[in-house]
Amino acid sequence: MNIKLSDNIRAFRKARLLTQEQLAEALGVTAGAVYKWEAKLSTPDIGLIIELADLFDTSVDVLLGYEIKNNTQKAMVMRMKEFMHNRDDQALTEAEKALTRYPNCFDIVYQSATIYHVFGLINRDKKLQWRAIRLMERAILLINQNTAPEISELSIYIDMANIYFSIGEAEKAVELLKSNNPCGINDALIGQTLASVCDLPEAAVPYLSMALLNNIASFTRIAMGYCNVYFKNRKFADAVDILRAALVFLNISENRKRAVFSTEQALFFISALPMRRSNSAKPMRRGNHYVLQRERQMSLIVCRIIRETASALFRKMR
């Protein structure tokens, strides 16, 4: 509730061209009393507030500046998000009010947990962090109410693990990540924590190895995706650049002892390609060569090289 009585007394008085002395005389009080009201040094009693409203020909609610808050679930969540975005401590107060009013609403509970987590980090307050964990545990029980595609039971468990990390509970964090690790999504974080925080380098190796392999596979898909984007937009130089970046990333280098394929071998395969006219795309002539078909064949060859490199790395890890 936001009260603006002092400002409104001043505004209504000036709107009626009254001095503080004239208003005081009309109400039977001293000019000093009116000054204190407008300076927020004191507040008129309820009887005088009613007289003021009558004198100014308005309602008590308007004179007070009282505005009823929208306390629907959606409105309270929006206010909490705004307070949190502005790093306003009112976020914590609003969260507790919302939890009291809607204790079994997923959006309220999850947003409150996020607020406690953020302010716990800002203030380095473990009590707020533990409160965030308990609220996240409750949010998991209410997950069926969730409609946000970016939030899931898995994402909440990962958020909880991050809170455990922030309060120095690395072992609990790792345990939680291990029990919620579909498709190795947490392998990198588990491996890093085991190696650096838990001082268990041998236990970290399998997780780090699989994380490395998965990231190589992801990079390969991203590189080839970009290659196809550039190729279809006829940006051939950009397509070649992304392929070269992929070659460097996957250690296709001049050092034949360390690399699966050397740059010389890759370029030999590319330069030896026969150039045929494509039936599926109109070629772009440059001299006597069909450039479009050549670039397409180049991308296919390098794609095969990248795939075979990833397979070789996988065999080394096993």
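**Reading a helical packing pattern**

Guide: Let's start with helix α10 (residues 153-166) and helix α11 (residues 170-178), which pack at an angle of about 165° with their axes 7 Å apart. A helix here is a DSSP run of H or I, at least four residues, numbered from the N terminus. An axis is a line fitted to C-alpha atoms over the stretch in contact, and angles run from 0 to 180 degrees between N-to-C directions.

Visitor: What does that make α10 relative to α11?

Guide: Roughly antiparallel, a label for angles over 145 degrees; that is what the angle makes α10 relative to α11. Bear in mind that this is a predicted model, where local features need pLDDT of at least 70, side-chain atom pairs count only at pLDDT 80 or more, and totals for chains, interfaces and linings use all residues. Residues are numbered from 1 along each chain as its sequence is written, and side-chain values use heavy atoms, with hydrogens and water left out.

Visitor: Which residues of α10 and α11 meet?

Guide: Contact means heavy atoms within 4.5 Å. From α10 come Tyr-157, Ile-158, Met-160, Ala-161, Tyr-164 and Phe-165, and they meet Ala-170, Lys-172, Ala-173, Leu-176 and Leu-177 in α11. Sorted by class, that contact has ten nonpolar, no polar and one charged residues.

Visitor: Which residues of α10 are buried?

Guide: Buried means under 20% relative accessible area, with a 1.4 Å probe and protein chains only. In α10 that covers Ser-155, Ile-156, Tyr-157, Ile-158, Met-160, Ala-161, Ile-163 and Tyr-164. Their cover includes α8, α9 and α11. Just past the end of α10, look for Gly-168, with a positive phi of about 80°.

Visitor: And how far apart are the end C-alpha atoms of α10?

Guide: The expected span is 1.5 Å times one less than the number of residues. For the 14 residues of α10 that gives 20 Å, and the end C-alpha atoms are 20 Å apart, which agrees. Helix α9 (residues 126-141) has 16 residues and reaches 23 Å, close to the 22 Å expected.

Visitor: What covers the buried residues of α9?

Guide: The cover includes α7 (90-101), α8 (106-123) and α10. Among the residues buried in α9 are Leu-128, Ala-132, Leu-135 and Ile-140.

Visitor: How do the axes of α7 and α8 cross?

Guide: At roughly 155°, coming within 10 Å. That makes α7 roughly antiparallel to α8. Helix α7 brings Ala-91, Leu-92, Ala-95, Glu-96, Ala-98 and Leu-99 to the contact, while α8 brings Ile-108, Val-109, Ser-112, Ile-115, Tyr-116 and Phe-119.

Key
Helices (H or I, at least four residues) and strands (E, at least two) are DSSP runs, numbered from the N terminus. Angles under 35 degrees count as roughly parallel, over 145 as roughly antiparallel, 65 to 115 as roughly perpendicular and the rest as oblique. Ala, Val, Leu, Ile, Met, Phe, Trp, Tyr, Cys and Pro count as nonpolar, Asp, Glu, Lys and Arg as charged, and the others, Gly among them, as polar. Buried means under 20% relative accessible area, exposed over 50%, partly exposed in between (1.4 Å probe, protein chains only).
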